[in-house]
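Please keep the sequence and the structure in view while reading.

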Amino acid sequence: MFFKKISLYSLFMNFNLMNTQPHHPKFSILNSQFSILILLFSLLLAPFTSVYAQKKQKKEKSTKQTELVINERKQSIVFADGLREFYSQNYSAAKKSFQEVLKQNPKNHAAHYLLHKIAVEQQDYLLASHYLKEAIKLDKKNEWYQIDLAGVHEKLGDYVSAAKIWEEICKVKYNNEYYLISLANSYLHLGRLHDVIKVYDRIENLLGKNDGLTETKKNIWLYLNDVKNAVREYEKLMALYPHEIGYYIIAGEIYLSNNMPDKAFPFFQQAMQIDAEDPDLNLALANYYERVKKPEESFEALLKAISSKELEIEEKIPTLKTYLANAFRLQVPDILEKTEKLAQAVTIAHPFDLEGWASLAKLSSLKKQYQEAKLLYEKCIALDEAQFSIWEDYFYVLAKLEDYQTIIANEKLVEEYFPTNATIQYSLALALYKEKQFESALKAAKRALAFTFENSFVADLNLLLGDIAIELEQKEEAVKYWKTAQRRGINTPELQNKIETNQ
């Protein structure tokens, strides 16, 4: 209570007084007492000054925190606006928003990242690279930034930098096949083909053996002119899957295509022990025997492959067409016989497909076996009545047989499918003319003429039109058509006589 009644002014006055008094024992005692008094007063006053200071600091800190929260909220709003504009593909507005965020907070790595995304959309990959590098400086552990930077380097064609990034990523994410594939892609662009193979080996260690990877590695080895290692890739698969015939066939074909038939045949022999009827194996054997000058063995293997129902017809058609073309070109008994055997094999293996039957029909027509050809073409039409080439050949055969009634009987059908086809219409017109249906013949011939521009065909049509017109007693029209035929290239004495007689 005593200390509460003493004023601060009194204390200072006493202190000053003591400092001005001469030294005396009496004053020493007073000095000692006063020191105690000052100490006690200080202890009393200390809590009040401390509380005041703390309140002041808290107030300042609270103000700063409030300002910080307000700024962060403002940044969040601007950032959210930028995101909305970005996903609306309004990249100009989005860019302004993210740049505003960076003005307020240059260390916002997410804003740098999204500015990179905008630059990528606008195909400005140099700018994209700049923003990504800034984002990475601020967030070095973000692997997605690194991954995107590798992608930007690839867009810039900088596969050296891309490869370095993928190498580092693959050290950390060593069991991610997608990253390994990206690394291999960079190596591939850099021509580091041995490194590509090493990466593919790592992928195989993760995923197991893969036919696609093996095929790719084989192609790389062949590009490097290393046939032995190309085959070795398939030998690895043979060791794992000894009964998979395809690996032996591919290995043999690698040697065969590289002019090493002696090294190819042992693999074909191993394949034959697994399945001697396999169509792919027999195609390979046909190729092998042809290479070593054994034509009969080659054809027997080929025929065995073509006879197989397991081999898709799409794989047979090119071979059949090649033989058929040679049959028409050479017209020698051996080729005709072999072509017929192949065509018959196709019809047996694929009875509901057109190709085999059409080939047999063409061969019969070539051999002037028109009645047989007629039946075969009718078989083809039963399978597919909308094939123009079949109808064209069918009408040709019917004309050779002078079976014009059958042509006319199909008039409605060909009108439905081929109303603008000049060749079909010509055949129909000729049949109608031969059967003395001149009015219908004239219509058909005029339709044909409207859809052709080939000079020789125009000449033939005008000759026919003249013949029809003369039967209809339209001499003037007939002469006009015949003269057109003459101008187009038909200069026979018979035609000249027709013109002179009817002028």
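Two rings of Phe, Tyr or Trp (for Trp, its six-membered ring) count as an aromatic pair if their centres lie within 6.5 Å, and the pair is called stacked when the planes are under 30 degrees apart, edge-to-face when they are over 60, and tilted for the rest. By this rule, a search of the whole structure finds 19 aromatic pairs. The model is a predicted one, in which local features need pLDDT of at least 70 and side-chain atom pairs count only at pLDDT 80 or more, while totals for chains, interfaces and linings use all residues. Residues are numbered from 1 along each chain as its sequence is written, and side-chain values use heavy atoms, with hydrogens and water left out.

Phe 388 lies in helix α21 (residues 388-400) and Phe 418 in the loop between α23 (411-417) and α24 (422-434), so the pair ties together parts that are 30 residues apart in sequence. Helices here are DSSP runs of H or I with at least four residues, strands are runs of E with at least two, and both are numbered from the N terminus. The two partners can also be described by relative accessible area, for which buried means under 20%, exposed over 50% and partly exposed in between, using a 1.4 Å probe and protein chains only. Phe 388 is partly exposed, at 29%, whereas Phe 418 is buried, at 7%. Elsewhere, ring pairs link Phe 265, Phe 268, Tyr 288 and Tyr 289 into a cluster.

Rings can also have a charge over them, which is counted if NZ of Lys or CZ of Arg is within 6 Å of the ring centre and within 35 degrees of the ring normal. The charged end of Lys 338 sits over the ring of Phe 299, 5.2 Å from its centre, and Lys 480 lies over the face of Tyr 481, at 5.8 Å from the ring centre.

Taken as a whole, the protein has 28 helices and 0 strands, and of its 503 residues 39% count as buried. In soluble globular proteins, nonpolar side chains tend to be buried together. A nonpolar core is defined here as a set of buried Ala, Val, Leu, Ile, Met, Phe, Trp, Tyr and Cys residues joined through side-chain atoms within 4.5 Å. The largest such core has 129 residues, and those with the most contacts inside it are Phe 98, Trp 166, Phe 268, Leu 342, Trp 391, Phe 395 and Ile 468. Helix α13 (residues 245-257) supplies the largest share of this core, 8 residues. Apart from it lies another core, of 6 residues, among them Leu 324, Ala 327, Ile 335 and Leu 336.

Which residues does Trp 166 touch, not counting residues up to four places away in sequence? With contact taken as heavy atoms within 4.5 Å, the list is Ile 147, Ala 150, Glu 154, Tyr 179, Ser 182, Leu 183 and Ser 186.

Several of these residues belong to helix α9 (residues 177-189), where Tyr 179, Ser 182, Leu 183 and Ser 186 are among the buried residues. What covers the buried residues of α9 includes α7, α8 (159-172) and α10 (193-207). At the start of α9, a side-chain oxygen of Asn 176 reaches to within 2.9 Å of the backbone nitrogen of Tyr 178, and the helix is followed by Gly 191, whose phi is positive, near 75°.

Helix α7 (residues 143-155) holds Glu 143, which is partly exposed, with a relative accessible area of 25%. Leaving aside neighbours within four places in sequence, Glu 143 is in contact with Lys 173 and Tyr 179. Both can be described as polar contacts, meaning a pair of N or O atoms within 3.5 Å of which, within protein, one must be able to donate a hydrogen and the other to accept it, and for which residues adjacent in sequence count only if both atoms are side-chain atoms. The side chain of Glu 143 reaches the side chain of Lys 173 at 3.4 Å, and a polar contact of 3.4 Å also joins the side chains of Glu 143 and Tyr 179.
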